[in-house]
Every structure is written in structure tokens, then in C-alpha cells.
Amino acid sequence: MLCSMANHTASPSISLYSFSLVITGLVLFSSFIDGNAAVNRNLMAPRTHNFHTIKVSSLLPDSVCDSSSQGYKLPSSSSLKVVHKHGPCNKQHRTNSPPSPSQILAHDEARVQSIKARIIALNSVGNTFTTSESVTLPAKSGLSLDTLNYVVTVGLGSPKKDLSLAFDTGSSLTWTQCQPCVESCYKQRDPIFDPSESSGYTNVSCNTPECNQLQIRGCNGTTCLYQVGYGDNSYTIGYLAKDTLTLSSAETITDFYFGCGQNNHLLGSDQVAGLLGLGREESSIISQTSTKYGKIFSYCLPSSSSGSGYLTFGNSGISNSVQYIPLGNSNKFYVIDITGIYLNDQKLAISPTVFSTKISIIDSGTVITRLPSEAYTTLRDAFRQQMSMYPMGRPESLFDTCYDLSKYTEVNTPKISIEFGGNQKIELAMTGVLYAVSSSQMCLAFAANSDTSFPTILGNVQQKTMQVVYDLAGGKLGNLVAAQTHDFHIIKVNSLLPDSVCDSSSQGRKLPTSSSLKVVHRHGPCHNRHKTESPQSPSQILTRDNSRVDSINSRISAKSVENTLTSTRSVTLPAKSGLSLGTGNYIVTVGLGSPKKDLSLVFDTGSSLTWTQCEPCGGYCYNQHDPIFDPSDSTSYTNISCKAVKCKQLKPSACRGANCIYGVQYGDNSFTVGYLAKDKLTLSPTEIINDFYFGCGQNNQGLFGQVAGIIGLDRNKFSVFSQASKKYGKVFSYCLPSRSSGSGYLTFGKSVVSNSTQYIPLANLKGFYSINIIGIYVRGQKLAINPTVFSTYGSIIDSGTVITRFPSEAYTTLRDAFRKQMSAYPVANPTKVLDTCYDFSSYTGVTVPKISIEFGGNKIIDLGITGILYVVSLSQVCLAFSTNTGVTNLTIYGNVQQKTMQVVYDVAGGRLGFGPNGCA
């Protein structure tokens, strides 16, 4: 398919069935799409119409720490790296067996019970205890600890000693075990802190304000004692002390008050050195550093135990895209206002009073979100309805909605969003929807409160991958969905490679409407005959892509276009009357004729006339997958007369006897010549287009591969879009899958469009779909590119161009910013039009900066990882943008940047939409 074609010269005399070409010079339209840049499917991007599409294996824990986590750059000097206590990124995670999912859920229920008890007893617990030789602890003065799985490392003392502490928004006093461990110290990873070795250590006096602020306190002589008893019967007792706390080499907190534990018992939570309290009371690190950090902190919990996140004090690194909700005034908990739940963008029928009757809180230590019984039942029933195609699994502990996904490689799960006060709706990541007990027990990650007196608790499973911002001074809580560790995508390197097996979820996927066609990759395993045609190499794809860009530039710059074919006994074709075809890899299957014959056609927004090869192939027909269409087998087939209006509208066209002849030669020298005809086009059993005009090709040669032809979607009269405008209202949409093993769709007419779809103005530029690009962002920062760089030459969107082309100045600025962010990775050799490549062959995971495109109408579209990286091989992974070297300096928005998005062409409304979660 990828070899070059020689020019074809005309014979002096030729019959209709041996059409030949004489080059005269014209540029028309025809193109194709590539989808070979396979990338991770679970980031950004859009997934099959309001569903998450995920690999089942990605839900299970990893045994190796992502290499991208190890060299991850923290947002600021006041940030701490967060790792999972039982995960491979914790340097001593193998010293203890991790708890089973069942144990985690049991401990989680204990924490919920202790939250309830604490709410009931807020003002009923005495605040002092007496001591002589022994100390009596109040029951459960703190929350259960065994679900505190996120660990940070801080330095304590002078000189500092590094300590691994679990952090908790439900606790205030920070404490660690201390020598000489007068009563008892449990086994921990780090050496136990020895106050005698710190020059800055001081015990706090019993009559100080700091001692009096403790919830439970006592005195041993003149020394202040603290004590906390937790809901799981863990406890710690010791001296209230102060010393220097070190966050980083540039960030220290002097005179930091903490508990120096002399008698400590932690049920099932040994190995950590203690706890870092992020609660609202005066003893917490938030209150103690209010002057320094302004009572603001944020964190991002990693999606899996093999990743890392961060805990940041102060307002550094907080994205402008954070959505804020009101934060209640409780001095014990972080109180929020939950008002509703959405499933697939549809609000569930739950009265807001179901939530408002009792308080709602956010808690970093509770694992599973607890909902009032009525709210949970409504969510559960709606979720079960959407998941009805999957076999149920055995319930587990507090989970009553589980699925056996052990026989699936991928599944589609509905999206869930939470609505908060302030009219803010937060969409949960996949990690907030399913909880993996095992591959045969994947459960809805919510549970019902077992008591009507319990609060709604937003747990940490639903917070994963978000940047959660606690702004106590401003009385607000912020959430940035899929923060992806501060404006980066974190991906597994092996996910960049193509799959050899069609995703099982693709095979039974329901299309959006009856006027939708399934889109698959020509060389992918979802195409039932994909092995009969050799796939293009990445290098060949880039070469063909450049040919298409050249032909687009030629068309844009052409001052006049020849629009007729001359024919007596021969037919003369204009040169390059269509765009280069070498990048056409996305196909749809339609039916043609009566009775219909199924044909696999490449679809293209840059082509007008739909055509297919036809018997008797009077000139030449290349090999194709499907049987060649035979007009004599169709009762509704008709050739178009040379005198017909449609023939005169065809540019270029010619006559052979009484029959109208079409001819197209493409920018790569491929060509098709044949009869202009009409017949029935069948999209689905209920969607038929009668009297559909198409080209019935009798002489077809070039880089068409083994597809049966092309389906044209441009703005001209002969495209499917134009011919069916009355039926479908000049609206169509598509979603290109991120990988050749996935599938997307092409829909004619209005489809169900996500509420998150962003529309931008759409115009016409010489038959192209013209858009207005005005800027580029890297990691949320707008690059210094003058908007006139784009507007001077114009911008188009094209389904057949693979790599987006920017004007030179814009591309250079983007490239330099990207290189700066990727400086930690080894550079690889450039390839073809891609000059910024990296060698990831020795990495298991990498961190890639986010890129966003700003369009007219003040719309900013975040690209998924599929729109940022183009994979030649793991040792050559490249920035998926290039510069337009043509005379037009035109911006061409290519299909790599469109993958997984629902791209909506509303030509009647003069707008183009980009919707998230279109397909995998």
C-alpha cells in the first residue's frame, strides 16, 4: 500500500474500461486517517459516550514502583511526596504483609463507627486526665488508624532524623514514637526518634497555652502529657514537646509542637513512625503554620499503590482549573455540602434533604465513601442497570454490587459525578468508581451507612488522582479532577505499544444511535480481515502524512481550480484532484445496493465523492477485503445521465456516451475513474439513504490498501453529509479510538452529546472545516505565542492528517517548553517530521506534561496522552506535533490530537464541538 506510484500517461485512443490519465494540474479532495500512535487509554480522554473504558488488569495492584514516581518533581519546596504504606514505592513495604481487601474494609468500617461516635460525643468528653504512676485513657478519643495508608517523610530535630508518618485530616496532633520508650514502642521502619540527640528538642510545660489546647491532656510534674485513644483500640501517650520540623532543604518549621510517644500501641498499623495531623484543631500542623502557609494545604493521592502523589503546604502549585465548594465551620471535621449524584451525566432522583439532614464530611482516612441508605440504593440500582451485560460477582463485606471481570481484557463502566453546594459537579476518575478485591470481584466503590445517624463521608478512594485543596482561610474546598500529579500525565510505558487482540469491550459496544457506524482501525485486530494487509510502519505513516499536508497546502494556495474532464475516446484527469491517501486507516462498514452488499470504506472529512470499486472492473481493480460491488446485482442501481444536473455539479466530470464519468487523482498519484451512479446506502437496518450518488469505479489504482473505497464527509455537494442534510440536519460526529485494538463511531445527525462538550466557531476555508486556534498551554501555563501567528494563515481540522502542524514560531515555542519539562529522560534520534523524541525503553512508567489547545470562543481543550506522544517504538517516542513547512504556514489540526474525543461537526449551527469520553 505504501510504495510510490509512477505517473500514468494517456494512450491516444482508449475505451471507457481502460481509463488512463493525462496530468493537467488541479487540486481537489480525498484523504484518510491514521490511528497508529497507540497510547494509554485511561488518561484524559474520552470513553465511549459517557463511559470509562478500562483494562481490567489496570485495576489490580502492581508489584513494581512506577519509575516515573521515583524521579517525580514535587510542586513546591513545601511539598512532601506521598506513597502508599503497603505499595512498592515505600522503600520498606516488604517488611510486613499488606492487609487483604477484606481486612481493609473491616478497618474502614471501624473508622466510620469512630467518626460517628466522635460526632455524637463532641462536647461530652472530658479534657483532662490525672497521672501519677499510671495514665487512664478515655475511650476512643481519636479515629480508627488502620486505614491511614498514605505516608509522607519529614525530618524532625536538629540535626534532622527522617521519619515516615501517615497523614490524616481527621487527626490534629502530630506524634511519633520516642526513645527511651518508657512503656512500649511498636516496631517501625525508621530508627525511633531520640530527643537526646536533637539540640532543638524541648518538653512543653504543663501550664502553657499549647498544653491547655490539647483535647486530652495531663501533667507529670511540670511536663505536659498528651494522650489519644483511637477507635480501633490503638493509642499513644507521651510528652508534648517542640522541635524543628523539616519539609525540605528550603522549608523548616521551628518550634513545632508534637507528641513524643512513650507508650504506643497501633493495631495493624505498625511500621510507620507516627502520624502527621492535618485536622482543624490548634495542635495541627495547619494551625501551627497558619502565618507561614495561610491555612492552605493540598494533596493528590495516587491512583494505585505503585504510584506517588504529594502533600503541599501553602498555595503553591494550585491549578487555576480547581473547582471550589463551600467548607463548613466545624472545628473538628472538614464539613462539605453534597447535593446530588450523577450517572452518565444524568442526575439521579435523590432529594437533597437526604444529604442535608445529617452533615457530610471529607476524610482522608476513610477508604470507601458512605452514603445515606436512600442515596446509595438509588445509585446502586442505576449502576447495576448500566452494568447489566457483565456477570455479577460475589458480594464482599460492605460491598453488595460486585462483578466478575476475570474473563475480560477491557470493560466499560458508567461515569459517576458528585454535585456539591455552590453548583459544582466533580466527575470521579475510574479509581473512584470501582474497588478491586480481585479480578473476579470488582465492586462499586460506595457503601450505605448502616445507621441513619451516620454522616455522609467522602472517602479517599473517590479522592484519588484529584488535587484536593483545603483553603481554611477562604472557607472553601477545591477539587481538580484527574490532577494527574500536578499537570502531568503518568503512564505505563508498555501501554504505548499496540495490542494484538481486539478489546472485548469493543466487540459488543453499543453505538450511540441507529445512524451510527462503528469505526475500526484498518490494521487493527478489530478489523476482521486485518491480517491480509501489511500495516504501515510509523515511518511510512509520517511520510504519507507529509504528502497529505503538502496537498492541503497546494489546495489552499491555488488561485484557480480546473473543474472539468475532457473526454472523447479517452478521459483526462486533472493532477492531484484529491488529497494524499496514504494515512487512511479508519474504516466504517456500510451497505450498498438492493439487496445491500457490505463494504468497508475509509471515511474522510477531506473528501467529497463517496466511491467504491465496481464490477466488471473494465480498467483495473486492486485487491480488496470485501467482494467487489456488482451493479448488475442491485435492483436500485442507476447510472447518471451526462445531461443530469448532478453530473454538471460534479467537479471534475466528463461524458462517455450518455453516461456521466467522474475521475479523481490524489496527491500521492493514486486515482479512481468510473461512472457517477446512484443507489441505496444502508447505515443500519433502520437508516437508509435512497438515491445516494456515488462513484462506481472501473479503473482504480494506488495506495488504497484493501478497503473497498472512500466515504466522503467534506462540505461539498456530493459528500454523505451534504446529500443527507435534510435527513440529519447537517450534523455529524465521530470518535477515533486511541489504539488500533479499540473501536469508535461515526454518527450522522444529532447524537447524545456530553454536557462537557465545548463548542468553538466553525467556518469554511476552500471546502475545509476552518477553526480558530489562538494559543497553546503546557502544564496549565499559556505559552508566549502571539495569536496573530495562527490567525494570519488560518487553521483547519482534518481527519486525514495524522500529526498536527503549527506555524514555525508556534511549534518552536511548544517544542522548547516540552523539552524543558522532559529533560529527565534520554533523547532519541528524530524521525521524519518529528524532531523531539525520547528513549523510554528502560522505563516502566514516565511522566509527561499536559498540553492544552485554546480555541476561539475562549475554549481550552486538554489533550489526552494520545494527543501528546507519537510512538515509533519504545526507544523512539516523539512529541506528536510538527511545523508546517509549506508556503501557506497553515495550522492543520490532525487526528492524533482528536483521538478519544467526540468531535461534533454542527455545520448548520456553525460550530465544532469537542466532547470528552467519546471512546477508548
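# Contacts, rings and sheets

Me: At what distance does the side chain of Asp190 reach the backbone nitrogen of Ser164?
Reply: This is a predicted model, in which local features need pLDDT of at least 70, side-chain atom pairs count only at pLDDT 80 or more, and totals for chains, interfaces and linings use all residues. Residues are numbered from 1 along each chain as its sequence is written, and side-chain values use heavy atoms, without hydrogens or water. A polar contact is a pair of N or O atoms within 3.5 Å; within protein, one must be able to donate a hydrogen and the other to accept it, and residues adjacent in sequence count only if both atoms are side-chain atoms. Asp190 reaches the Ser164 nitrogen at 2.7 Å.

Me: Is Asp190 buried or exposed?
Reply: Asp190 is found in the loop between β5 (175-177) and β6 (202-203). Helices (H or I, at least four residues) and strands (E, at least two) are DSSP runs, numbered from the N terminus. Buried means under 20% relative accessible area, exposed over 50%, partly exposed in between (1.4 Å probe, protein chains only). Asp190 has 9% relative accessibility, so it counts as buried.

Me: How many aromatic pairs does the count come to?
Reply: Rings of Phe, Tyr and Trp (its six-membered ring) pair if their centres lie within 6.5 Å. Planes under 30 degrees apart count as stacked, over 60 as edge-to-face and the rest as tilted. By this rule the count is 34.

Me: What kind of pair do Phe167 and Tyr299 make?
Reply: The two ring centres are 5.7 Å apart and the planes meet at 50 degrees, so the pair is tilted. Phe167 belongs to strand β4 (residues 161-168) and Tyr299 to strand β12 (residues 296-300), 132 residues apart. Phe167 has 3% relative accessibility and Tyr299 has 0%, and each counts as buried.

Me: Why does the pair of Phe297 and Tyr470 get its label?
Reply: Phe297 sits in strand β12 and Tyr470 in strand β28 (residues 467-471), 173 residues apart. Both are buried. The centres are 4.4 Å apart and the planes lie at 5 degrees, so the pair is stacked.

Me: How far is Lys476 from the ring centre of Tyr324?
Reply: A charge sits over a ring if NZ of Lys or CZ of Arg is within 6 Å of the ring centre and within 35 degrees of the ring normal. Lys425 lies over the face of Tyr342. The charged end of Lys476 sits over the ring of Tyr324, and its distance from the centre is 4.2 Å.

Me: How many residues of strand β41 are buried?
Reply: In a regular strand the side chains alternate between the two faces of the sheet. In β41, Val731, Ser733 and Cys735 are buried on one side, and Phe732 and Tyr734 on the other. Strand β41 (residues 731-735) is largely enclosed by the rest of the structure, because the buried count is five of the five.

Me: Which residue in β42 stands opposite Tyr734?
Reply: β41 and strand β42 (residues 743-748) pair in the antiparallel sense over four bridges. Four bridges also join β41 to strand β59 (residues 902-906), where Val731 faces Asp906. Opposite Tyr734 stands Leu746.

How values were computed: Two strands pair if DSSP finds at least two bridges between them.
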